[in-house]
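Please look over the sequence and the structure before reading on.

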Amino acid sequence: MSADLNFARLRSAGTATLRTRAAIPPTVLLSFLVVLVVVLWSLLPSLFTGFSPVNGDTGSKLNAPSLQHWFGTDYLGRDQYARVVYGTASSVTSALVAVAIGLLVGSAIGLASGFRGGWLDATLGRFVDVLLAIPGFLLAVVIVSSLGFQTINAAIATGVSAVAVFARLMRAEVIRVRRSAFVEASYLEGGNRLQALLTHVLPNAYRSVLVLAVLQFGTSILVIASLAFLGYGDPPPSSDWGLLVASGKTYVTAPWLVYAPALVIVATVLSINRISRWLRNSK
């Protein structure tokens, strides 16, 4: 009787634990909602505002936020909310390009280095160490200065600066999985190195890298916005988030020109970071 009672308690405790793990925290749900809004802004901006991001009414310039103009108007009478919404596509697309470059190139380097080992690991390891020794933002500035002042070049520069981070994590994961018993068993069953790599190592090593990719997406948005703030992105009348902050700082009597795009950047990056942390903990 006592054993049955203890078993029932353990089963109820296990069920409660599973329910707790399966439940999504409210902060994560809110973060997903923020990211969803940002994605919809980038895909369908005309559904969220009827104002033009380029044309404005000079008679209503530098108006404070109101029911008609949620984020106020700028020095040309353009609706600041419309400029933020239409600038989302450039910010999100460039961040995706940066993450794709860092993920693909860095994962390829880490995969080859961790699985092959030997002289290849030593050579690629020194290359990654050099990249890690250079501050990421400084490297991005140098690269975008060489390629030209455009948002796509800022995305490429941000992606190159993230290669080392992806390479190091992928290498560590590959080495961990490569030493597992099931990988050794695949060799005993007649499998070759390529089969072990594609069938066992890669499927078990990519999860942590994907979590890093989510985190890097938020970081890329912040870095690209910083580059645009310094003038390394597309010139006006572009409405990149960083450029909006840079343009608004000139008008000290209209602080909403800085606060509105800055708060959107902060909310987006914090939401992505929260989702990444939740994915890492639930992995």
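Helices here are DSSP runs of H or I with at least four residues, and they are numbered from the N terminus. Lining residues are those with an atom within 4 Å of a point of the cavity or pocket concerned. The model is predicted, and it holds two cavities of 30 Å³ or more. Two pockets are described after the cavities.

**The largest cavity**

- The largest cavity contains about 100 Å³ of space, and of the 13 residues in its lining, Tyr75, Arg78, Arg83, Leu244 and Ser247 are nearest its centre.
- Two or more lining residues come from each of helix 3 (80–116) and helix 10 (241–248), and helix 10 contributes the most, with four residues.
- Sorted by class, this lining is made up of six nonpolar, four polar and three charged residues.

**The second largest cavity**

- About 50 Å³ of space is found in the second largest cavity, whose lining consists of Ser91, Ile221, Ile224, Ala225, Ala228, Asp240, Trp241 and Gly242.
- Helix 9 (193–229) and helix 10 each provide at least two residues of this lining, with helix 9 giving the most, at four residues.
- Five of the residues lining the second largest cavity are nonpolar, two are polar and one is charged.

**The largest pocket**

- At least two residues of the lining come from each of helix 2 (26–43), helix 3, helix 9 and helix 11 (256–282).
- The lining of the largest pocket has 13 nonpolar and three polar residues, and no charged residues.

**The second largest pocket**

- Some space, about 150 Å³, lies in the second largest pocket, where Asp121, Gly125, Asp129, Arg168 and Arg171 are nearest the centre out of 13 lining residues.
- Helix 3, helix 4 (118–133) and helix 7 (163–178) each contribute at least two residues to the lining of this pocket, and helix 4 gives the most, with seven residues.
- By class, the residues lining the second largest pocket divide into five nonpolar, three polar and five charged.

Key:
Residues are numbered from 1 along each chain as its sequence is written. This is a predicted model: local features need pLDDT of at least 70, side-chain atom pairs count only at pLDDT 80 or more; totals for chains, interfaces and linings use all residues. Side-chain values use heavy atoms; hydrogens and water are left out. On a 1 Å grid over the protein atoms alone, a cavity is a set of points where a 1.4 Å probe fits but cannot get out, and a pocket is an open set with protein on both sides within 12 Å along at least five of seven lines; lining residues have an atom within 4 Å of a point. Grid points are joined across faces, edges and corners, and a volume is the space filled by probe spheres set on the points. Ala, Val, Leu, Ile, Met, Phe, Trp, Tyr, Cys and Pro count as nonpolar, Asp, Glu, Lys and Arg as charged, and the others, Gly among them, as polar.
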